[in-house]
Amino acid sequence: MNAKLYAPICVGLIAGSLGFASSAQAFSFTTHYDEALSTNPSQGDIWLEAVEFDGKIVSNFSLVDRVDILHNDLWTGGNSGAGSADKGDQATVGLSEERLTNDGARTALRNTNLNSIIDGEDRGEFSMNLWFDNAVDNLFFWERGRNSAMTIQAIDTAGDILGDSLTINSRNWDNAGFRLDTIEIGGSQRVGSLGVSLADLGLSSAIQGVRVSAEGTSFYNGPDWKVVGEKVPEPGTVVGLGSIAMALVASRRRRSSAS
């Protein structure tokens, strides 16, 4: 793992659990990961452990559970088409699938191996709806190459658009700290990371899914990406965390009164 983890405080957990969204335009985060031993770490499994931002550690992720590909330029061989499933040459989780299916996209994204991605071709156009296994607030994106863009929109359970459209350009993202070398390419490339909040999507309550799209232009340039969401706990969990925080406050007040 590339960084030491620290336990988040209760107040931070409660704020994240209630889905409070930052007003900032997207946000930076640190990726905590574990590179599996291999002859070339960029080709092997790179397991997501946690992300850290605004003094908070998040390790409870919601993963993509269903995919509906709305459009994907046809693959006819070589680097034609648009989105495909790709993984590290030595990765044990994920798949390589050029003529991408809904199940293939789900398999590529429904895991915490950062070396299992959706690979976009330079001038390929795609659009797909992704639904997570639990409601989410913050979204965490990684893009291999740091030279592409994608458009993000929140969707409801029926796939209808919610809130605002947001185009994110990985040329401006932070360095995630690791590199990827997958089956489709001949060398390792750096990876960028960016967080997207509910506020960035023009919303204030948790969402179930997102639409990810890329146009076939040099600006979009075929993004190679991975996404997970910050899981929103069940209401009972939030109430429990609130009770803990209230108990801590009451305890401090009693100690203050006694002194």
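1. A charge over a ring. In this predicted model, Arg 66 lies over the face of Trp 131. The distance from Arg 66 to the ring centre is 3.7 Å.

2. Overall make-up. The chain contains 14 strands and 3 helices. Of its 259 residues, 49% count as buried. When contacts between residues at least 6 apart in sequence are considered, 76% of them join residues at least 24 apart.

3. The largest nonpolar core. This core has 37 residues. The residues with the most contacts inside it are Leu 130, Leu 139, Phe 141, Ile 152, Ile 168, Val 212 and Trp 225. Several elements each supply at least two residues of the core, including the helix α2 (102–109) and the strands β5 (64–72), β9 (149–155) and β10 (161–169). Further contributors of at least two residues each are β12 (189–196), β13 (207–214) and β14 (224–231). Strand β8 (126–144) is also on that list, and β8 gives the most to this core, with 7 residues. As general background, nonpolar side chains in soluble globular proteins tend to be buried together.

4. Which residues are in contact with Leu 139, leaving aside its neighbours within four places in sequence? They are Phe 27, Phe 132, Ile 152, Leu 194, Gly 195, Val 196, Leu 201, Val 210, Val 228 and Gly 229.

5. Aromatic pairs. The count of aromatic pairs comes to 9. One of them joins Phe 61 and Phe 140 in an edge-to-face arrangement, with 6.2 Å from centre to centre and 85 degrees between the planes. Phe 61 belongs to strand β4 (residues 61–62) and Phe 140 to strand β8, so the pair links distant parts of the chain, 79 residues apart. Both Phe 61 and Phe 140 are buried. Ring pairs also link these two residues with Phe 27, Phe 29, Phe 53 and Trp 142 into a cluster.

6. A pair of sequence neighbours. Why is the pair of Phe 219 and Tyr 220 edge-to-face? The planes of the two rings stand at 85 degrees, with the centres 5.3 Å apart, so the pair is classed as edge-to-face, because planes over 60 degrees apart fall in that class.

7. A sheet of three strands. An open sheet has the strand order β1-β2-β3, with antiparallel pairing. Its edge strands, β1 (30–35) and β3 (56–58), each pair on one side only. Neighbouring strands of this sheet are turned by 25 degrees against each other on average, direction ignored. Strand β1 and strand β2 (residues 46–53) pair over 6 bridges in the antiparallel sense. Within this pairing, Val 51 of β2 is the bridge partner of Thr 31. In general, strands of a sheet pair through backbone hydrogen bonds.

8. Thr 30 in strand β1. Thr 30 lies in β1 and is partly exposed, because its relative accessible area is 39%. Leaving aside neighbours within four places in sequence, Thr 30 is in contact with Ala 50, Val 51 and Glu 52. The C-alpha atoms of Thr 30 and Ile 57 are separated by 9.4 Å, although these residues are 27 apart along the chain.

Conventions
Residues are numbered from 1 along each chain as its sequence is written. This is a predicted model: local features need pLDDT of at least 70, side-chain atom pairs count only at pLDDT 80 or more; totals for chains, interfaces and linings use all residues. Side-chain values use heavy atoms; hydrogens and water are left out. A nonpolar core is a set of buried Ala, Val, Leu, Ile, Met, Phe, Trp, Tyr and Cys residues joined through side-chain atoms within 4.5 Å. Buried means under 20% relative accessible area, exposed over 50%, partly exposed in between (1.4 Å probe, protein chains only). Helices (H or I, at least four residues) and strands (E, at least two) are DSSP runs, numbered from the N terminus. Contact means heavy atoms within 4.5 Å. Rings of Phe, Tyr and Trp (its six-membered ring) pair if their centres lie within 6.5 Å; planes under 30 degrees apart count as stacked, over 60 as edge-to-face and the rest as tilted. A charge sits over a ring if NZ of Lys or CZ of Arg is within 6 Å of the ring centre and within 35 degrees of the ring normal. Two strands pair if DSSP finds at least two bridges between them. Axes are lines fitted to C-alpha atoms, for helices over the stretch in contact, and angles run from 0 to 180 degrees between N-to-C directions.
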